[in-house]
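Please look over the structure below before reading the numbered points. They are meant for someone who has not seen it before.

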Amino acid sequence: MINTVAYENDQVIVLNQNLLPDKIVYESYTSVEEVAEAIRTLKVRGAPLIGVTAAFGLALGAARYSGRAEEFTEYYSAIRSQLASTRPTAVNLFWALQRMDRVYQNNAHRELAELKELLLNEARCMFEEDIQTNQLIGQHGAQLLQESSRVMTICNAGALATCGYGTALGVIRSAYQQEKIAKVWACETRPVLQGARLTVWELMQDQIPVALITDNMAGYIMKLGKVDAVIVGADRIAANGDTANKIGTYSLAVLAHHHGIPFYVAAPQSTIDYSIASGQDIPIEERDPEEVRSVRGVYLTVKEAEVFNPAFDVTDNRLITSIITEKGVVFPPYEKSLRERN
Ligand code: MRU
């Protein structure tokens with residue numbers, strides 16, 4: 001089992017995913033700034049993990065507060081903003097912070113020491129719930145797969161992107177236990193290579209058969225008849241089922257549609273944003289152009305080359321065969337089916 005985040009002795013401990021697969025390094029943070037920076041720089045990444053890490057960050061900030069009780073509200077809102085401003089697309093970040101807010105608001109009248117404890121408890125609950133949620137997603141999703149399936153995925157929606165087990169990779173894990181997985185095709189996921197660095201490593205740890213491909217090989221492999229399903233995670237699902245996920249997901253969905261291959265999205269309910277009617281309203285993060293110009297410090301292009309670097313794209317609901325959450329599997333029309341399963 002891979003531990004991605006922990007809270008011990010008023011420190012947030014995270015596995016630095018930027019160093020994987022070469023090195024397994026855990027870093028300990030004692031300030032909200034450090035936690036926010038770790039999220040911003042992708043040391044911790046993946047929608048569910050970002051949410052829980054931010055919650056631990058908020059608990060950490062509260063635990064280390066030594067100012068006057070009357071000034072705590074102002075302090076809480078400052079550290080909350082710091083965490084909320086790290087990454088805009090994954091709605092799990094805001095969902096987790098809102099859960100912390102509710103605990104704070106309902107207990108604001110209590111002694112500060114007690115309040116600090118309640119905030120930490122809430123973060124710990126989210127951590128535990130996330131693992132159970134993913135196991136349920138895995139069980140529901142595995143039912144969609146036939147024996148000896150060859151499944152394609154992108155980015156890393158695995159144990160590394162969550163508190164454990166994973167969403168899309170949770171489905172694959174569960175299906176593998178039922179002997180339904182013959183092969184996983186892992187798209188490398190340019191520019192940050194979460195597929196190559198993280199998914200391949202994670203699946204190999206569990207001896208799940210995985211082959212790495214570059215992103216532009218996906219269509220050809222589908223055409224060869226070597227893909228039975230595509231399964232991806234999600235950063236935010238709009239009320240109509242439109243889904244934001246790692247850049248490249250939309251291309252896979254179009255290709256899957258063209259080749260008549262089912263395209264599944266696996267995500268917890270906390271990834272569904274009912275306040276957003278369609279994918280058009282999902283904020284898409286744009287990241288540093290250097291991520292595209294260079295890989296691990298080595299330039300692939302002219303240093304001054306103009307770059308466009310959206311970190312996510314949106315897949316139209318009509319391209320999604322079904323959405324798998326911890327509550328079960330839903331099918332189109334998603335406006336109706338998502339709400340009914342909520
Ligand atoms: O930029 P990242 O690495 O945080 O992007 C991660 C993804 O796009 C995942 O597919 C998504 O967050 C789901 S993780 C269970």
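**Notes on the model**

1. Salt bridges. The count comes to 18 salt bridges, a salt bridge being a side-chain nitrogen of Lys or Arg within 4 Å of a carboxyl oxygen of Asp or Glu. One of them joins the side chains of D101 and R80, at 2.8 Å from N to O. Because D101 lies in helix 4 (residues 91–107) and R80 in helix 3 (residues 72–84), this pair ties together parts that are 21 residues apart in sequence. Helices (H or I, at least four residues) and strands (E, at least two) are DSSP runs, numbered from the N terminus.

2. Basis. This is a predicted model, in which local features need pLDDT of at least 70 and side-chain atom pairs count only at pLDDT 80 or more, while totals for chains, interfaces and linings use all residues. Residues are numbered from 1 along each chain as its sequence is written, and side-chain values use heavy atoms, with hydrogens and water left out.

3. Ligand shell. Which residues are closest to the ligand? They are A47, R87, D235, N245 and K246, out of 17 residues that surround the ligand; a residue is near if one of its heavy atoms lies within 4 Å. By class, the shell has seven nonpolar, six polar and four charged residues. In this scheme Ala, Val, Leu, Ile, Met, Phe, Trp, Tyr, Cys and Pro count as nonpolar, Asp, Glu, Lys and Arg as charged, and the others, Gly among them, as polar.

4. Helix 2 (47–63) and strand 9 (243–246) are the elements that give two or more residues to the shell.

5. Backbone. R190 and P191 are joined by a cis peptide bond, with omega about 5°; P191 is in the loop between strand 5 (181–187) and helix 7 (194–205). Another cis peptide bond joins P332 and P333, with omega about 0°, and P333 is in the loop between strand 16 (328–330) and helix 11 (334–341). D10 is not a glycine, yet has a positive phi of about 55°.
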